[in-house]
Amino acid sequence: MNKTSNAKRRQLVVGNWKMNGNQQLNAELLAKVVAGWQGEHQAEVVVCPPSPYLLPAFEKISGSSIMLGAQNLSQYDSGAYTGEVSAQMLAELHCKFVIIGHNERRRLQGETDEQVAQKFMAAQRASLIPILCVGESSAQREQGRHLDVIGAQLKAVCSQVGCDVFANAVVAYEPVWAVGTGKTATPQQAEEVHRFIRSQLGEVAETVRILYGGSVKASNAEQLFAIPDIDGALLGGASLDADEFLKICKAAD
Ligand code: PEP
């Protein structure tokens, strides 16, 4: 794929397995993905299994170029936080990336922009690369407030520590109405938001990878990846099907 405007940025495809799988299914899925992603590639690929499966997943992908990510972390480094997992623990389990502020956590666990910003910083303290999810609900889009909402989600990080921290981070634009619904943003909608996100990231903007997420499939990936400000995808459902996942990884390559 020839995208002259973003020659500095490697395409990235991230599979968010959510709370799916078990030891056997994960082993089967990863065996197929590893077999289909041999050798050198332009695009980078990350899988994010549920926390209990991080180490077995790492064992299955080691020797390949596929990297490991987590789906969430605590904003605290250690202490009396029952059930939480720290950034350092994830780093010790060989994670390189961690998804932060996924809309399911914002909606179902009530994570605020401020907590998400603290998690972003906790990830970077442990040298993990945060994948910061931002995106509007359908009501916010209907009210024409989508850019304001996304701007505030980014500002929650930039106002605390400056935008330069995005030099070691990834942003994922995931319209809430497109995640797990089968609806995908039109190329025009995605293009507007990705350009806006880049405009908010200060001096490091041109180097930051901005992924699109929301019902990406093999059938729509090429069209999305052709948009200059889209640098790959964050996948939910499609990452649980090895053939579909590999087709999307190859479209990004
Ligand atoms: C996601 O959960 O981040 C996601 C993009 O899900 P899906 O691809 O299933 O819409």
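This is a predicted model: local features need pLDDT of at least 70, side-chain atom pairs count only at pLDDT 80 or more; totals for chains, interfaces and linings use all residues.
Residues are numbered from 1 along each chain as its sequence is written, and side-chain values use heavy atoms, with hydrogens and water left out.

**Around the ligand**

- The ligand has 14 residues around it, and Lys 18, Glu 174, Gly 180, Ser 215 and Gly 236 come nearest; a residue is near if one of its heavy atoms lies within 4 Å.
- Ser 215 has a backbone N or O atom 2.7 Å from a ligand oxygen.
- For Gly 236, the corresponding distance from a backbone N or O atom to a ligand oxygen is 2.8 Å.
- The shell divides into four nonpolar, eight polar and two charged residues. Here Ala, Val, Leu, Ile, Met, Phe, Trp, Tyr, Cys and Pro count as nonpolar, Asp, Glu, Lys and Arg as charged, and the others, Gly among them, as polar.

**Nonpolar cores**

- The largest nonpolar core has 72 residues, and Phe 166 and Ile 197 touch the most other members. A core is a set of buried Ala, Val, Leu, Ile, Met, Phe, Trp, Tyr and Cys residues joined through side-chain atoms within 4.5 Å. Buried means under 20% relative accessible area, exposed over 50%, partly exposed in between (1.4 Å probe, protein chains only).
- Helix H10 (residues 242–252) gives this core its largest share, seven residues. Helices (H or I, at least four residues) and strands (E, at least two) are DSSP runs, numbered from the N terminus.
- A second, separate core has 13 residues, including Val 46, Phe 97, Ile 99 and Ala 172.
- Beyond four places in sequence, Phe 166 is in contact with residues including Phe 120, Leu 132 and Val 208; contact means heavy atoms within 4.5 Å.

**Helix H10**

- Its buried residues are Ala 242, Phe 245, Leu 246, Ile 248, Cys 249, Ala 251 and Ala 252.
- The buried residues of H10 pack against strand S1 (12–16), helix H1 (23–36), strand S2 (44–48), helix H9 (218–225) and strand S8 (232–235).
- Phe 245 has a relative accessible area of 1%. Past its neighbours within four places in sequence, Phe 245 is in contact with residues including Val 13, Val 33 and Leu 235.
- At the start of H10, a side-chain oxygen of Asp 241 reaches to within 3.0 Å of the backbone nitrogen of Asp 243.

**Two more residues**

- Ile 150 lies in helix H7 (residues 146–161) and is buried at 0% relative accessible area.
- Asn 72 sits in the loop between strand S3 (67–70) and helix H3 (87–92). Its side chain makes polar contacts with the side chains of Arg 105 (3.3 Å) and Lys 119 (2.8 Å).

Key: A polar contact is a pair of N or O atoms within 3.5 Å; within protein, one must be able to donate a hydrogen and the other to accept it, and residues adjacent in sequence count only if both atoms are side-chain atoms.
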